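Open the model in your viewer and keep the sequence panel beside it. This tour tells you what to select at each stop and what is there.

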Amino acid sequence: MQVAGVELQVNHPVMALGSTDWLPVLEVGGEAAVGCDTHVAIRVQAQVRLIKVRLFTEPLDEGLGPDPSFKTVFEGPISLADGRLVIGDVMGVTRFVSLIGEAGRRQIRVAVDEPGWNAAAVDISVGPRL
């Protein structure tokens, strides 16, 4: 299992994660998160504090995994064009890239400490290739 943790300063109240390909326009509207085939957009606190992001890949070890108290805001498959996952604000100012494995579709689960504009911590679980 690969676990990565990072704290990001985001300058926009929407954080995105997904493929290294072009980020499409995702209208979050009143939702805590929305997704498409390649990306997920999540509401977070902007310019208030660092956003804690933890990335987990399968298989998960016992005792080390996403926080069970967090609320799932997105769950579904996304396609990673080159096997890398990019996490950052939608303005592209802050960016973290992690090699997940081979290119292809993967099941993604995104959970936050507090859904909506007050989210300050995000757990991302990436499953095996579909």
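Which residue in E8 is the bridge partner of Leu85? Select Leu85, then Ser98: Ser98 is the partner in E8.

Before moving on, note the ground rules. This is a predicted model, where local features need pLDDT of at least 70 and side-chain atom pairs count only at pLDDT 80 or more, while totals for chains, interfaces and linings use all residues. Residues are numbered from 1 along each chain as its sequence is written, and side-chain values use heavy atoms, with hydrogens and water left out. Strand labels (E, at least two residues) and helix labels (H or I, at least four) are DSSP runs, numbered from the N terminus.

**Stop 1: E7 and E8**

Stay with these two strands. E7 and E8 run antiparallel and are joined by 5 bridges. Two strands count as paired if DSSP finds at least two bridges between them. Select Val86 next; Val97 in E8 stands opposite. Now go to the hairpin of E7 and E8, which has 5 residues between the strands. Pick Gly92 there: the phi angle is positive, near 80°.

**Stop 2: the open sheet**

Colour E3, E4, E2, E7 and E8. These 5 strands form an open sheet in the order E3-E4-E2-E7-E8, with antiparallel pairing. Which strands stand at the edges? They are E3 and E8; each has a single partner strand, so one side of each is left without a neighbour in the sheet. From one strand to the next, the twist averages 15°.

Select Leu99 in strand E8. Is Leu99 buried or exposed? Leu99 is exposed, at 55% relative accessible area. The cut-offs are under 20% for buried and over 50% for exposed, with partly exposed in between (1.4 Å probe, protein chains only). Draw a distance from Leu99 to Val14: they lie 85 residues apart in sequence and 22 Å apart in space, C-alpha to C-alpha.

**Stop 3: the largest pocket**

Show Leu23, His39, Val86, Asp89 and Arg95. Of the 16 residues lining the largest pocket, these lie nearest its centre. E2 and strand E7 (84-89) are the elements that give two or more residues to the lining. By class, the lining has 6 nonpolar, 7 polar and 3 charged residues. Here Ala, Val, Leu, Ile, Met, Phe, Trp, Tyr, Cys and Pro count as nonpolar, Asp, Glu, Lys and Arg as charged, and the others, Gly among them, as polar.

A pocket is an open set of points on a 1 Å grid over the protein atoms alone, where a 1.4 Å probe fits, with protein on both sides within 12 Å along at least five of seven lines; lining residues have an atom within 4 Å of a point.

**Stop 4**

Select strand E6 (residues 71-80) and E9. They run antiparallel, joined by 9 bridges. Leu80 has Gly104 in E9 as bridge partner.

**Stop 5: salt bridges**

How many salt bridges does the structure hold? There are 3, each a side-chain nitrogen of Lys or Arg within 4 Å of a carboxyl oxygen of Asp or Glu.

- Select Arg54 and Asp123, which meet at 2.9 Å, N to O. The pair links distant parts of the chain, with Arg54 in strand E5 (residues 51-57) and Asp123 in strand E10 (residues 121-129), 69 residues apart. Arg54 is partly exposed at 31%, whereas Asp123 is buried at 1%.
- Select Asp82 and Arg84, whose closest N and O atoms are 2.6 Å apart. Asp82 is partly exposed at 30%; Arg84 is partly exposed at 35%.
- Select Glu102 and Arg129, at 2.6 Å, N to O. Glu102 lies in the loop between strand E8 (95-99) and strand E9 (104-112) and Arg129 in strand E10, so the pair ties together parts 27 residues apart in sequence. Glu102 is exposed at 56%, and Arg129 is partly exposed at 45%.

**Last stop: Glu31**

Find Glu31 in the loop between strand E2 (14-18) and strand E3 (33-35). Glu31 is partly exposed, at 49%.

Definitions and conventions:
Axes fitted to C-alpha atoms, helices over the stretch in contact; angles between N-to-C directions.
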